[in-house]
Amino acid sequence: ELGLIYSIDATTEDVIIQMTLTSPGCPVAGSLPMEIKSRVLEIPGVKSAKVQLVWDPPWNADMITEAGKLQLGIF
């Protein structure tokens with residue numbers, strides 16, 4: 001909902017996710033990619049998962065979905 005996931009490349013067993021954070025100094029920079037990887041590895045049939053942090057294009061609030069904006073109270 002926040003627009004942090006830029007791409008997901010998945011085969012039957014392998015998943016590669018490219019994502020960004022709201023800023024390089026984001027307080028969850030150390031934990032969020034590992035949490036995503038852990039959750040993806042829980043999917044039946046997935047044997048490997050890789051989460052790549054990318055900074056281009058830079059994230060901005062326009063990337064938040066309408067549902068995300070509603071949840072955050074951004075109109």
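Two strands are taken to pair if DSSP finds at least two bridges between them. Helices (H or I, at least four residues) and strands (E, at least two) are themselves DSSP runs, numbered from the N terminus. The model described here is predicted, so local features need pLDDT of at least 70 and side-chain atom pairs count only at pLDDT 80 or more, while totals for chains, interfaces and linings use all residues. Residues are numbered from 1 along each chain as its sequence is written, and side-chain values use heavy atoms, with hydrogens and water left out.

The protein has two helices and three strands, which follow the pattern β-β-α-β-α when read along the sequence. Its C-alpha trace spans about 40 × 25 × 20 Å along the principal axes. Of the 75 residues, 23% count as buried; buried means under 20% relative accessible area, exposed means over 50%, and partly exposed lies in between (1.4 Å probe, protein chains only). With contact meaning heavy atoms within 4.5 Å, 57% of the contacts between residues at least 6 apart in sequence join residues at least 24 apart.

The three strands form an open sheet with mixed pairing, in the order S1-S2-S3. Strand S1 (5-10) and strand S3 (48-53) stand at the edges with a single partner strand each, so one side of each has no neighbour in the sheet. From one strand to the next, the twist averages 15 degrees. S1 pairs with strand S2 (residues 14-19) in the antiparallel sense over five bridges, and the two form a hairpin with three residues between them. Within this pairing, Ile-8 stands opposite Ile-17 in S2, and Ala-10 is opposite Val-15.

Leaving out residues up to four places away in sequence, Val-15 touches Ile-8, Asp-9, Ala-10, Val-40, Val-46, Ser-48, Ala-49 and Lys-50.

Helix H1 (residues 32-41) lies across S1, S2 and S3 and runs at about 155 degrees to S3. For such angles, axes are lines fitted to C-alpha atoms, for helices over the stretch in contact, and the values run from 0 to 180 degrees between N-to-C directions. Which residues of H1 are buried? They are Pro-33, Ile-36 and Val-40. These residues cover an arc of only 60 degrees around the axis, which puts them on the same side of H1; the arc is that of the directions from the helix axis to the C-beta atoms. The buried residues of H1 pack against S1, S2 and S3, whereas the face turned away from the buried side carries the exposed residues Met-34 and Arg-39.

Charged side chains come next. A salt bridge is a side-chain nitrogen of Lys or Arg within 4 Å of a carboxyl oxygen of Asp or Glu, and a search of the whole structure finds two. One of them joins Glu-13 and Lys-47 (3.3 Å, N to O). This pair links distant parts of the chain, as Glu-13 is in the loop between S1 and S2 and Lys-47 is in the loop between H1 and S3, 34 residues apart. Glu-13 is partly exposed, with a relative accessible area of 35%, and Lys-47 is exposed at 62%. Arg-39 and Glu-35 also meet in a salt bridge (2.9 Å, N to O). Because Arg-39 and Glu-35 are four residues apart in helix H1, about one helical turn separates them. Arg-39 is exposed, with a relative accessible area of 52%, and Glu-35 is partly exposed at 39%.

Lys-69, in helix H2 (residues 66-72), is buried yet has no salt bridge. The nearest side chain of opposite charge, Glu-66, is 4.1 Å away; here Lys and Arg count as positive and Asp and Glu as negative, while His and the chain ends are not counted. Apart from its neighbours within four places in sequence, Lys-69 is in contact with Ala-61, Ile-64 and Ile-74.

The peptide bond from Asp-56 to Pro-57 is cis, with omega near 5 degrees, and Pro-57 is found in the loop between S3 and H2.
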